[in-house]
Amino acid sequence: MKTNAIIFSLAIVASAIIFGYAVINRNNPQGTINVTGLGEQNFTSDLIVWEGNFTRESSNIQSAYANLEKDRASVTAYLVSKGIPEEQLVFNAVTTNPQYQQNYSNDGRYMGQTFTGYQLNQSLVIESEEVEKVEKISREITELLNQGIAFYSQQPRYYYTELESLKLEMIAKATEDARIRAERIAQNSNANLGNLISANMGVFQITGQNSGEDYSWGGVFNTSAKNKTASITMKLIFEVD
């Protein structure tokens, strides 16, 4: 009986110690460090997309279409002479728009409209990895005006074909940057950096180099600049011992 009493007493003491240790841990939870890292990389676009269109007008639709076909042949010959392979020239379907003149009386009353003819329009798209060549042609295309062709050129758009690989590199850079920040904070606080609790990726942004573009919560995807900057943030939470 005496032995049993001693064992029972020791069990009570041990239970009290364990319970007390649990209360202490519960009331003093392990700390955490929240950090944000940045990954950034400059790059040059390796794909250009350029669009333009030309029009013809006539009171007779057959005449307008015939003139548009001549213009298409001239545009093709011009671009091929500049070194663009003909298979890269993508002509979209011709659009036809009836044209009307609005009529008003001398006192400003609307008197209806009069049909004046047709306007036919055809657009052209070139997608090429020869960025500098197409960029130069887009600036010189006004030479077609000397041939009587009203060609309207749009601003080229610039893309990067290795964007997914670049994005993975940026995630790695941002994660490493955040980890280094967390280590420095822990050292300055006389603590040890523990396990990673969570990692959240921020918005992937592409801006023109030296453009002064504002970042947005939804992400910026610049297509007007050939030279760009890609960036992404990673938000990490670490345990602190």
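**Ground rules.** I number residues from 1 along each chain as its sequence is written. Because the model is predicted, I ask for pLDDT of at least 70 for local features and 80 or more for side-chain atom pairs, while totals for chains, interfaces and linings use all residues, and side-chain values rest on heavy atoms, without hydrogens and water.

**Aromatic pairs.** I paired rings of Phe, Tyr and Trp (its six-membered ring) with centres within 6.5 Å, calling planes under 30 degrees apart stacked, over 60 edge-to-face and the rest tilted. That rule gave me seven aromatic pairs. I looked at one of them, Phe-54 with Phe-91, which is edge-to-face at 6.3 Å centre to centre and 80° between the planes. Phe-54 sits in strand β2 (residues 47-58) and Phe-91 in strand β3 (residues 89-91), so this pair ties together parts 37 residues apart in sequence.

**Helix α4.** I followed α4 (residues 163-188) over its 26 residues: first to last C-alpha spans 37 Å, close to the expected 38 Å, which is 1.5 Å times one less than the number of residues. Its buried residues include Leu-163, Met-170 and Ala-186. The buried residues of α4 pack against β1 (31-44), β8 (193-201), β9 (205-208) and β10 (227-240), with contact meaning heavy atoms within 4.5 Å. After α4 I noted Asn-190, with a positive phi near 55°.

Conventions. Helices (H or I, at least four residues) and strands (E, at least two) are DSSP runs, numbered from the N terminus. Buried means under 20% relative accessible area, exposed over 50%, partly exposed in between (1.4 Å probe, protein chains only).
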